[in-house]
Amino acid sequence: MANSPAVLITGLTKHFGKVHALDGLDLTVRTGEVHGFLGPNGAGKTTTLRILLGLLRADAGHTELLGGHPWRDAVELHRRLAYVPGDVVLWPTLSGGEAIDLLGRLRGGLDRQRKAALLDRFGLDPAKKGRAYSKGNRQKVALIAALASEVDLLLLDEPTSGLDPLMEATFREVIAEERTRGRTVLLSSHSLAEVEALCDQVTIIRDGRTVETGTLAGLRHLTRTTISADLDHVPHLLNELAGVHALTVSGSHVSFQIDGEHLQTALRLLTDAGVRQLTCRPATLEELFLRHYQAVA
Amino acid sequence: MNGTLTLVRLALRRDRVLLPVWIVVIAGLVTVSASAIAELYPHAGQRIALGVTIGATPALQALTGPVFDAASVGGLTAWRATTMASALAALMSILVVTRHTRAEEETGRAELLGSCVVGRQAVPAAAVAVAVTANAVITLLITVGLAGQGLPAAGALAFGAAVGGTGWVFTGVALAAAQLTTHARTASALACATLGLAFLLRALGDAAKAEALAWSSPLGWAQRVRAFAGERWWVIALFAVTALALVAAAALLARRRDLGAGLLPPRPGRPDARASLAGPVALAWRLQRGGLLGWAVGFAIAGTLFGALAHSLGDLVADNPHMAALLARMGGTDALTDAFLTAELSVLALVAGGYAVQATLRLRGEESALRAESVLATAVTRRRWSLSHLALALGGSALIMSVGGLSAGLAHGLRIGRPAGQAARMLGAALLQVPATWTLAGIAMLLFGLLPRLTALAWAALVAFALLAQLGELLQLDDAVMNLSPFSHVPQTLGRPVDAGPLLGLLLVTAALLAAGIVAFQRRDLQQE
Ligand SMILES: Nc1ncnc2c1ncn2[C@@H]1O[C@H](COP(=O)(O)OP(=O)(O)OP(=O)(O)O)[C@@H](O)[C@H]1O
Ligand SMILES: [Mg+2]
């Protein structure tokens, strides 16, 4: 059991009427890892998390959560996980502190000391009523309720989308601690810096399908390298070479991006053309994501 | 006012089904009542005899008001349908206004609109425009419908204007209520409580022939327009002036608060929860207890007032020699008192049905506000969560009926010197009505499970049952139709032996509805609006 993944999804599909929210999604989150879950707006991240929580029912595909079935075993599983929704809505007449305690108790228990410590670190006033909190503070209420629970798995849907930079830093510290305590985290996010700082593994989805999954280092290998060079003469074969993108030529200067597997051929072509000056730059994380986010032309 | 027109168009689009249904039902009720009366009482003599009976039955007057001219079809229609149609027009106006003002602010949509080129007052102005127009259409349809049946045009117009005018006044009430509170739910509760109070004042005033009391209520004004009985046109102006004053007051209040905030600032709460706030039932109780308390207070007031009045009715009627003879034939003063108390319990039961629907649909409210997600993502099953709010709906409706019955029995008993006996008798009679209110919770639950986007149909069912209770006899509807209403299956008379069969039947149907609703909910996706 110890080595079975915390989340194992294969071929998951979900329709809402005519909308194909998920269309054969795959996702594996191993126990103990912090897994980044990325994708453009409407890609299906929230839908996936809701299916994992048994709030939505999958149309097809295999879904396993902590060794159980998300729909059938919902209640037993929910004792072992905590969820922070993307849109935190609190009860207007309950104070933040009451909501934290209540959600913790419904889940099966709450570490009071941890709650106090987290309230302090996130600088949240727990005596305010739900309706009086700002968006970021509502988010903190849900985060503290989740983090102060004794659970194995945290499902976080854009947990920092309303937090200020200071609180984002606090959030990263706390998640790093959670990892050392052995908790598994599935973190949906639009913040690349956050994903880079926290995640062991990432999965990128688009239009309800997984387009990339692996470690960040591994993903970088798959990416394009940007090359710019000053040449003796510009080889006319360059624009016909496989794997070349965004080629610009001005005089004797060329710059282009090249897919990893064609790098060697391209370099050979350039050396044959007489290189006067050359810079090679691996893709930034930004470029990596942008490439995956943009629909294939 | 920039953008008001766009917002009106938006509101009309969102209400393109609901609003026409309201309008047609209200106008249709009035015209159908008129044709039924013309058909059933074709001769003036028959109509006058009916008028005398009504005069001798305070229970009827409490429900519908006084008869000003029993000799004409129009006069009887005005007696029968004015209160019903005006109260529905008021309800429609309240719902329209809250839906397009407070509910919009709460969801943040108003903010989105507010940031576009929309004047600050555009949102309330649009809501008022929609409600006022809807009421004007009702006025027009009633006028045309009644005049079309050959009734005098002036009376028809006065009737329509009385109904539409009540709608205008409650448009103003709802708008003012929306400025005082932070939540659409509290705003409509406040406005509906005002409507309930207006009904109560008019009912007491009419039953006890206390004119001043009846004049204190807009529903009393609607009667006193005296359609088809020497129209008093100035009362229409009273509606208009009151509505304008309320809208102006709301505008003044609005200037003193920020978008999304109420006038009363929120107080800080506890930094941590009491040990008792530990399960879904505790949460449901916490969320609903304030509302339940309000309902209980309302039922206590209504019960006490009606109970205190019941005994005087015999005296009122017996003062009149004609009436006294009639009264003896109808079974004497005690029978009159019992009929009045029974009628009162039936009305309370319908209102308690409203509570049951509201408390059950809290499930839907929590779901569409996404709060259900937070709870159901913890170790709480869908069944347990549903049952938590249902416990409030079922227990709460039994509680408020008990409060109504007890207070009526006590008040009546104190006047005749047998408080304990009357309290027990009325409590028993009130509890016998409870299964019908539970059936409404069952209907609401089934809709929540199967058709969560159409839960408003539970309210439609309640209105339909209320209309059956009010109009079924007049229209001589088939038993099969009458039996559709759960309220036809609970005891309608005090003091007769109770037949347990229909009550058990209701309980079984309710249990089946609840179970089916829960199972359907367990199988479906959670859905936002
Ligand atoms: N209840 C619903 N009914 C209809 N369509 C829905 C529903 N929920 C989600 N969708 C659609 O499914 C798709 C996936 O939505 P989802 O909320 O999962 O995206 P997301 O990846 O979380 O996006 P974001 O980054 O904006 O939060 C979208 O096209 C959305 O419009
Ligand atoms: Mg999302």
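In this predicted model, helix 16 (residues 332-368) of chain B packs against helix 18 (residues 382-416) of chain B, with the two axes 9 Å apart and an angle of about 160° between them. Angles over 145 degrees count as roughly antiparallel, and helix 16 and helix 18 of chain B are therefore roughly antiparallel to each other. The crossing of helix 16 of chain B with helix 18 of chain B is right-handed. Sorted by class, the residues in this contact comprise 16 nonpolar, 9 polar and 3 charged.

Helix 9 (residues 153-180) of chain B and helix 10 (residues 184-207) of chain B have axes 8 Å apart and pack at an angle of about 140°. That angle makes helix 9 of chain B oblique to helix 10 of chain B. Here, too, the helices pass each other in a right-handed crossing. On the helix 9 side, the contact is formed by B:Phe170, B:Val173, B:Ala174, B:Ala177, B:Ala178 and B:Leu180. These residues meet B:Ala187, B:Leu190, B:Ala191, B:Thr194, B:Leu195 and B:Ala198 in helix 10 of chain B. By class, the contact of helix 9 with helix 10 of chain B holds 11 nonpolar residues, 1 polar residue and no charged ones.

Turning to chain A, helix 4 (residues 112-122) and helix 5 (residues 135-147) cross at roughly 150°, and their axes come within 9 Å. Helix 4 and helix 5 of chain A are therefore roughly antiparallel to each other, and their crossing is right-handed. Helix 4 of chain A contributes A:Arg114, A:Lys115, A:Leu118, A:Leu119 and A:Phe122 to the contact, while helix 5 of chain A contributes A:Lys140, A:Ile144 and A:Leu147. This contact of helix 4 with helix 5 of chain A has 5 nonpolar residues, 3 charged residues and no polar ones.

Helix 4 of chain A also takes part in a charged pairing. Side chains of opposite charge can pair when their charged atoms come close. The side chains of A:Arg121 and A:Glu173 meet in a salt bridge, with an N to O distance of 3.2 Å. A:Arg121 lies in helix 4 of chain A and A:Glu173 in helix 6 (residues 165-180) of chain A, so that the pair links distant parts of the chain, 52 residues apart. Over all chains, the count comes to 25 salt bridges.

The two chains can now be viewed together. Their contact takes 37 residues from chain A and 39 residues from chain B. About 3,300 Å² is buried between chain A and chain B, and carbon and sulfur atoms give 58% of this area. Of the area that chain A buries against chain B, 21% is supplied by A:Leu55, A:Trp91 and A:Leu106, more than by any other three residues. Charged pairs are found here as well: 4 salt bridges lie across the interface of chain A and chain B. In a salt bridge between A:Glu98 and B:Arg286, the closest N and O atoms are 2.8 Å apart.

Terms used
Residues are numbered from 1 along each chain as its sequence is written. Chains are lettered from A and ligands numbered from 1 in the order in which they are written. This is a predicted model: local features need pLDDT of at least 70, side-chain atom pairs count only at pLDDT 80 or more; totals for chains, interfaces and linings use all residues. Side-chain values use heavy atoms; hydrogens and water are left out. Axes are lines fitted to C-alpha atoms, for helices over the stretch in contact, and angles run from 0 to 180 degrees between N-to-C directions. Helices (H or I, at least four residues) and strands (E, at least two) are DSSP runs, numbered from the N terminus. Angles under 35 degrees count as roughly parallel, over 145 as roughly antiparallel, 65 to 115 as roughly perpendicular and the rest as oblique. A crossing is left-handed if the near helix is turned anticlockwise from the far one by less than a right angle, and right-handed if clockwise. Contact means heavy atoms within 4.5 Å. Ala, Val, Leu, Ile, Met, Phe, Trp, Tyr, Cys and Pro count as nonpolar, Asp, Glu, Lys and Arg as charged, and the others, Gly among them, as polar. Buried area is the accessible area (1.4 Å probe) that two parts lose on being put together, summed over both.
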